[in-house]
Amino acid sequence: MDAILEGLKLVAATDVLIALLVSAVYGLIIGAIPGLTATMATALLVPITFYLSPLAAITTIVTASAMAIFSGDIPGCLLRIPGTPASAAYTDEAYALTKKGQAELALGASLWFSALGGIFGTIALMIIAPVLADFALSFSTFEYFWLSFLGLMCATLVARSSPVKAVASALIGLLIACIGMENPGGTPRFTFGVTDLLGGVDVIPALVGVFAVSEVMRAMAGPPAAKIGHKSLGSILAGQLELTKKYWRQMTRGNVVGTLVGVLPGAGADMAAWVCYAISKRFSKTPEKFGTGYPEGLVESGAANNAALAGAWVPALIFGIPGDTITAIAIGVLYMKGLNPGPTLFTEKASSMYAIYVIFMLANILMIPLGIIMIRITTKVLNAPQSAVMPLILLCCAVGAFAVGNNLFAVVIVAAFGIIGYVMEANGFPVAAMVLGIIMGSMVEQSLVTSLIKSDGGIMPFFDRPISAVLAVMAITALLWPLFFWLIKRVRQATARATA
Amino acid sequence: MTRLTRRTFSFGAVAAAGGLALRSASAQGNYPSRPITMICPWGAGGGTDATARIVAALLEKEMGQPVNVVNRTGGSGVVGHAAISMAQPDGYTLGIITVEISMMHWQGLTPLTPRSYTPLALMNEDPPGIQVKADSPYKTVKDLADAIKAAPVGKFKCSGTGQGGIWHLALVGWMTAMGLKPDQVAWVPSNGAAPAMQDLAAGGLDLTTCSIPEARAIIEAGKARSLAIMAPKRNPQFPDVPTLKEAMGIDYSTGAWRGFAGPPKLPQPVAEKLTASLKKVYDSKEYKDFMSGRGYGTIWADAAGFASFMDKGDKQMGEAMKAAGLAKA
Amino acid sequence: MQFSDRINGGFLVVLGVLAAYGGSLLPPVPGQPVGPNIFPIVIGVGLTICGLLIAFGIGHNFEAEEKIEPTADGSAVATRSMWWIIVPPLLLLFYVFAVEWLGFVLTSAIIAFITSMSLRGTLKIAIAMAIASPLVVHLVFAKLLRVPLPAGLLPLPW
């Protein structure tokens with residue numbers, strides 16, 4: 001109890017509160033700019049945290065990343081340019097709502113369920129962190145293989161295009177993930193002698209290219225944009241209580257699955273959003289409405305990605321194992337500030353731990369008022385002419401990609417993926433599935449190959465371990481289900497034709 | 001119009017060139033007279049980034065000019081290392097270089113070698129440890145080594161980094177030092193020390209050879225144990241972990257190091273001034289506290305010492321990589 | 001840029017074969033049963049199968065019919081010449097090659113101006129964007145976030 005009070009006192013310090021507010025605004029802005037992601041928001045904070053007190057430093061990371069994950073939904077919703085890979089899963093859905101004139105409803109849902117998801121994840125972190133941590137540590141590469149396989153399967157579920165084209169897109173993504181020397185052989189693969197490709201194609205420039213640049217390209221080729229009007233709601237949150245009541249099951253499921261996926265190192269918020277959107281569609285009573293501007297999937301995946309963000313801190317704080325790229329950076333900052341991750345953080349530095357929990361809570365609560373202001377401001381973009389919005393987007397794409405590693409080659413990647421994204425989109429290949437492939441590629445391959453090395457080429461260990469067996473059954477069912485479904489449909493059609 | 005622009009441009013070019021000449025002239029005298037850029041070839045938040053930033057902050061106090069750390073990532077470290085080597089040799093662009101510089105050229109990934117730089121100071125080295133799962137039957141490194149010797153080739157699985165990474169070579173070096181085949185223990189490539197430690201705790205591996213600081217959190221959580229370190233002496237942060245020599249009489253040591261360097265042909269006075277300032281940084285309490293807080297090892301070598309250290313390490317790495325079949329002939 | 005599914009499928013088959021072939025050329029890892037070659041081969045085979053399925057129109061009936069969106073006046077979409085789409089990627093490449101030399105402010109002003117004009121912007125908007133956007137972006141990235149944007153020929157006074 002003393003530790004909790006001590007923690008509250010730590011948070012009440014002026015520098016911490018200023019850090020909270022400033023990094024909240026910063027995170028909201030960075031996340032909302034197309035081409036800049038939550039990961040980048042955190043990476044760019046590192047040099048600044050150097051001059052802050054330990055708690056203020058952690059505050060900036062926690063707050064900025066939570067805000068950026070939410071506000072990554074904003075450009076996705078308004079311009080069909082997702083701000084973060086996590087938003088890519090449901091960008092089409094949100095944009096469809098915008099086209100119906102319901103941008104504020106979509107963004108309100110995003111905000112409300114993000115905040116609730118973040119709070120749920122934090123509570124899980126506070127109460128059952130050790131249990132969750134043990135859960136995370138029970139995952140060996142065999143489990144990861146099935147998990148990443150399931151994650152990839154989501155590509156076919158999420159897309160509205162032909163499943164064959166969705167699979168092809170995901171495979172192209174996996175092929176892109178093959179580039180570089182971060183492979184099981186440690187040898188350059190598909191780098192064609194280009195030094196810059198040795199490190200592989202980073203997902204951020206690829207995401208920026210296929211969504212943002214190809215959107216600018218479409219604007220160039222297309223007819224003058226028709227104005228998308230938007231209804232300004234009296235209160236952004238008014239509709240949300242109704243949605244919460246209607247979809248509380250989906251929300252809870254999103255929270256739980258999001259936290260669990262987030263806890264698993266390497267999976268993170270990106271995968272959580274995809275998995276939950278897919279689950280939502282699979283178990284929905286009206287799956288055919290998904291993708292046409294229907295809030296059900298938004299509720300679940302929006303709830304999931306912020307819950308996952310909190311979940312990712314579990315292995316980071318207890319074992320120093322990063323759950324995602326954001327916590328990987330955060331761990332560095334923790335060490336730099338003498339708050340070494342590990343169980344001692346919970347015993348010797350308990351007050352700091354409680355202070356971090358309080359910051360999580362405050363950040364997610366603060367998200368609501370600041371988010372509302374942000375939504376009010378950004379929806380004005382819908383009224384601005386393309387010729388004023390697109391130049392800024394293109395510049396942000398260039399600078400944002402460059403800023404990740406201060407490497408101009410990333411801008412070349414952005415340009416290339418702009419073309420790839422444009423061509424794929426024009427031919428009915430879902431680009432989001434390709435992004436998922438790039439995200440999951442290294443995990444699928446690494447877990448498959450290392451598992452095979454460990455089992456000396458045997459298949460049985462993939463099914464031996466209990467969690468692995470469960471995941472295997474789920475994956476195989478998910479794989480065979482569409483085939484089964486398709487056969488039934490075929491048979492029915494045939495009988496219908498026969499009787500007609 | 002064209003002529004005018006061209007003339008304006010050439011005037012600008014002349015002015016710029018003149019300014020440059022002025023700058024380099026003054027560079028010799030009262031160096032440093034403007035901010036210094038320190039290139040870090042690895043991403044923000046990592047161990048190299050942290051080391052670069054603490055040194056930059058302390059160097060700033062010593063030199064009286066801002067020292068800005070710039071992360072130049074890409075190409076698995078090649079891009080940033082190349083940027084340091086190709087910078088203007090005026091002392092205003094330095095960088096932190098890491099052990100990979102003595103490894104990558106053997107694989108034919110880059111023409112850069114430790115000799116592509118003006119070495120300034122070696123400031124950190126972390127030796128590999130040997131970790132097993134907490135409930136592993138092997139209580140000492142000797143138990144483990146005996147079991148490895150008795151087992152068929154490839155029975156034991158070890159990880160810690162990617163194929164051909166520093167901890168892989170440490171394993172190869174250890175095996176050869178024991179008179180075993182380089183692949184007596186199978187190497188399972190991973191995306192770094194953290195996933196490898198996780199897999200160890202999940203029961204997927206027999207041992208890891210990453211450094212103890214990287215394994216620390218999991219060891220402290222009671223999920224893994226460290227049996228030995230491949231270093232000449234024990235780490236004061238982990239005094240209970242014996243060295244290989246103490247535990248089994250094998251005199252083998254290696255490590256991942258970080259040092260500071262500039263481009264080749266750095267003017268002598270500038271290099272000397274930098275090394276002197278880095279020495280003061282190294283001796284400062286802040287640096288020592290920071291490094292021991294993370295469990296990082298500190299080691300000092302001046303320009304000449306760093307050069308011969310790298311030469312020796314480069315040769316050792318070449319041998320290990322050839323033994324492991326990783327080097328391009 | 002819209003091709004028939006024959007061409008799409010054919011392209012995927014070529015890509016798949018190349019991936020599998022390229023993968024099979026990779027050296028095996030000494031002492032390991034599987035190496036870096038296995039994954040590209042699997043993907044290559046998968047892409048080839050997908051390509052064949054698409055080329056022969058299997059699974060096409062799953063595809064949701066793309067609705068052609070009517071413009072404001074209800075007429076069919078009147079698109080411009082396809083060549084316009086190449087402008088944004090070219091501008092990005094221009095950034096890559098010019099920024100070190102011209103500096104961030106000039107390069108981005110040119111990019112903003114061309115983008116705005118290509119999108120049927122009025123001269124007024126284009127000039128406003130060319131002046132405002134480099135300054136805003138520079139302020140946020142170079143000043144607040146310490147991203148090293150090159151000064152080039154026109155460094156900013158701050």
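Guide: Chain B is assigned two domains: domain 1 (34–126 + 255–323) and domain 2 (142–248), with bounds that come from an automatic or database domain assignment. This is a predicted model, in which local features need pLDDT of at least 70 and side-chain atom pairs count only at pLDDT 80 or more, while totals for chains, interfaces and linings use all residues. Residues are numbered from 1 along each chain as its sequence is written, and chains are lettered from A and ligands numbered from 1 in the order in which they are written.

Taken over C-alpha atoms, the centres of domain 1 of chain B and domain 2 of chain B are separated by 26 Å. Where the two domains touch, 15 residues of domain 1 of chain B are in contact with 14 residues of domain 2 of chain B; contact requires that the C-beta atoms of two residues, placed from the backbone, lie within 7 Å.

On the side of domain 1 of chain B that touches domain 2 of chain B, the elements giving two or more residues are helix 10 (285–294) and helix 11 (303–323) of chain B. Helices here are DSSP runs (H or I, at least four residues), numbered from the N terminus. Helix 11 of chain B gives the most to this side, with four residues.

By class, this side of domain 1 of chain B has eight nonpolar, five polar and two charged residues. Ala, Val, Leu, Ile, Met, Phe, Trp, Tyr, Cys and Pro count as nonpolar, Asp, Glu, Lys and Arg as charged, and the others, Gly among them, as polar.
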